[in-house]
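Here is a short tour for anyone meeting this structure for the first time. Have a look at the chain below, and then we'll walk through a few of its parts.

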Amino acid sequence: MKAKMTLAKEFRIGDIDKRIYGSFIEHLGRAVYSGIYEPDHPTADEDGFRGDVIKLVKELNVPIVRYPGGNFVSGYNWEDGVGPVENRPKRLDLAWGTTEPNTFGTNEFMKWCKKADTECMMAVNLGTRGADEARNLVEYTNHKGNSYWSDLRKSHGYEKPWDIKLWCLGNEMDGAWQMGAKTAVEYGRLANEASKLMKWTDGSIETVLCGSSSRNSKTFGEWEATSLDLAYDSVDYVSLHQYYGNHDDDTMSYLARTLELDDFIHTVICVCDYLKGKRRTNKTINLSFDEWNVWYHSDNAPYERWSYAPPRLEDIYNFEDALLVGSMMITFLRHCDRIKIACLAQLVNVIAPIFTQKGGGVFKQTIFYPFEHMSNFGRGAALNPILTCDKYDCKAFTDVPYLESIATYDEENEEMTIFCVNKSMEESAVMSVKLLDFDGYKPVEFISMDGYKKGDINGFENPFVKPHKNDIPAIDGGEIIFEMKPFSWNVLRLKK
């Protein structure tokens with residue numbers, strides 16, 4: 001299979017907000033307890049944080065992590081997780097049917113963020129609680145002092161404010177499974193008031209309105225239009241959530257889901273811009289894709305109800321999952337002019353790129369590597385590659401390109417990267433890349449993941465699914481020709 005790509009600096013989609021490479025930690029399963037926090041672990045530091053996990057989080061270069069949920073947040077009393085640990089109550093978590101000990105809470109998470117070189121995207125409970133509790137949390141975390149909640153933080157041993165800048169206004173409030181689920185009108189009015197009070201407490205913060213819990217929600221579109229209409233003036237982003245799975249063992253349809261994803265993103269942008277036009281305002285609402293991933297391997301795994309941090313949603317990802325994760329990230333970058341935040345859900349153990357053993361080791365899942373490559377090399381601006389390649393039809397879609405690709409250009413560091421997925425399970429793709437105005441740029445590294453079966457997985461004993469380096473292709477007259485193996489993830493890096 002032959003393919004052609006043309007790239008120019010003028011094909012600029014937009015600047016890439018580093019927060020598009022965010023992730024998510026929820027009080028769910030082993031994400032917190034024996035995930036990021038395990039005081040008895042051999043690598044644990046003085047705060048109980050697993051050093052082996054922090055090392056891998058730094059390798060992923062995650063700039064922001066959403067916390068503490070997720071469904072969990074809709075029944076969470078944030079006051080339960082601050083102050084002396086011995087005084088914190090144990091609570092039943094109705095979201096996941098477990099018992100929450102509250103030995104890890106807001107201040108512990110903020111300390112972990114500092115050590116992991118990341119920032120917090122804090123979610124507030126708008127399910128069972130409201131605007132007052134939300135603005136109190138902002139005061140506790142962000143106000144300097146000489147007020148009740150900020151002085152309480154100081155009494156807990158944290159003199160300086162945490163200065164959290166990004167806040168989620170609840171979670172999936174359209175879902176019947178959500179504690180305190182609401183209609184679009186109920187939620188829109190509450191989110192508007194909560195955001196207003198939170199910003200009156202700290203005018204430097206940004207807030208994210210809950211969109212539909214997925215594109216398949218019955219009220220998708222109507223929910224966004226109604227709730228955002230009520231809260232437009234006080235919020236900054238609207239959220240999107242989407243998970244995919246290969247339930248039918250139809251790989252070609254599975255890898256084509258990015259066509260559906262692209263349509264989902266476009267529809268939400270249209271709703272936002274409709275309301276912008278309706279208001280005759282210059283304010284643009286951007287998108288926060290703050291839950292996304294592959295999720296289907298562990299759907300029905302049993303656990304003991306009301307137990308403490310049981311293994312839950314522990315997907316073990318295979319190679320085809322890694323290709324879809326890479327394709328989804330490419331899709332986000334194609335919309336980086338409007339998607340400013342995205343959170344891979346989640347970070348450790350729970351549908352995650354990092355997997356730990358309690359008291360033991362850790363390994364990188366297959367999906368770790370596309371995320372790592374894009375987070376580290378996909379900075380600067382996204383360029384729209386003019387790409388021609390063969391297409392295929394499958395059960396779910398027609399005219400699906402075999403190649404999924406995006407290019408990024410870091411002008412400050414004089415670097416460019418081409419990311420590409422070859423979905424064909426039989427054919428290599430010989431790519432010809434024409435650089436129109438990148439004088440002096442040449443390939444310096446060609447990384448790929450290929451040669452694996454679609455069901456290949458990693459584990460503690462044999463984490464063999466990983467990337468490797470290839471011969472660096474030459475450049476001749478502004479043209480680069482390189483071969484991408486069948487069923488592969490590819491990263492071509494260039495420098496001036």
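## Where H3 meets H4

Asn136, Glu139, Tyr140, Thr141 and Asn142 on the H3 side touch Tyr148, Trp149, Ser150, Leu152 and Arg153 on the H4 side, where contact means heavy atoms within 4.5 Å. Sorted by class, the contact of H3 with H4 has four nonpolar, four polar and two charged residues. Here Ala, Val, Leu, Ile, Met, Phe, Trp, Tyr, Cys and Pro count as nonpolar, Asp, Glu, Lys and Arg as charged, and the others, Gly among them, as polar.

H3 covers residues 131–142 and H4 residues 148–155, and their axes come within 7 Å and cross at roughly 50°. That angle makes H3 oblique to H4. (Under 35 degrees counts as roughly parallel, over 145 as roughly antiparallel, 65 to 115 as roughly perpendicular, and the rest as oblique.) The axes are lines fitted to C-alpha atoms, for helices over the stretch in contact, with angles from 0 to 180 degrees between N-to-C directions. Helices (H or I, at least four residues) and strands (E, at least two) are DSSP runs, numbered from the N terminus.

## A note on the model

This is a predicted model, so local features need pLDDT of at least 70 and side-chain atom pairs count only at pLDDT 80 or more, while totals for chains, interfaces and linings use all residues. Residues are numbered from 1 along each chain as its sequence is written, and side-chain values use heavy atoms, leaving out hydrogens and water.

## H9 and H10 side by side

Now for another pair: the axes of H9 and H10 come within 8 Å and cross at roughly 25°. These two helices are therefore roughly parallel to each other. From H9, Ala322, Gly326, Met329, Ile330 and Leu333 meet Pro370, Phe371 and Met374 of H10. By class, this contact of H9 with H10 has seven nonpolar, one polar and no charged residues.

How many of the ten residues of H10 are buried? Eight of them are, so H10 is mostly covered. Buried means under 20% relative accessible area, exposed means over 50%, and partly exposed is in between (1.4 Å probe, protein chains only). The buried residues of H10 include Phe368, Tyr369, Glu372 and His373.

## H1 and what covers it

H1 runs over residues 51–60, and its buried residues are Asp52, Val53, Ile54, Leu56, Val57 and Leu60. What lies over them includes H2 (106–115), S13 (354–356), S14 (362–364) and H10 (368–377).

## The nonpolar cores

The largest nonpolar core has 128 residues, and Ile25, Phe109, Trp112, Phe289, Trp292 and Leu347 have the most contacts inside it. (A nonpolar core is a set of buried Ala, Val, Leu, Ile, Met, Phe, Trp, Tyr and Cys residues joined through side-chain atoms within 4.5 Å.) H9, residues 319–334, gives the most to this core, with nine residues. Apart from it lies another core, of 31 residues, among them Ala3, Phe438, Tyr441 and Phe482.

What does Trp112 touch, leaving aside its neighbours within four places in sequence? Its contacts are Ile36, Phe49, Ile54, Val57, Val65, Thr118 and Leu347.

The bond from Tyr67 to Pro68 is cis, with omega near 0°, and Pro68 sits in the loop between S4 (64–67) and S5 (91–93). The bond from Ala345 to Gln346 is also cis, with omega near 0°, and Gln346 is in the loop between S12 (339–344) and S13.

Ile351, also in the loop between S12 and S13, has a positive phi near 35° without being a glycine. Is Ile351 buried or exposed? With a relative accessible area of 2%, Ile351 is buried. Arg280, in the loop between H8 (257–279) and S11 (286–294), has a positive phi of about 55°. Arg280 is exposed, at 76% relative accessible area.

Lys495 lies in S26, residues 488–495, and is partly exposed, with a relative accessible area of 31%. Not counting residues up to four places away in sequence, Lys495 touches Glu414, Glu415, Gly440, Tyr441, Lys442 and Val444. Its C-alpha atom is separated by 9.9 Å from that of Tyr409, 86 residues apart along the chain.

Glu411 lies in the loop between S19 (403–410) and S20 (415–422), and counts as exposed at 55% relative accessibility.
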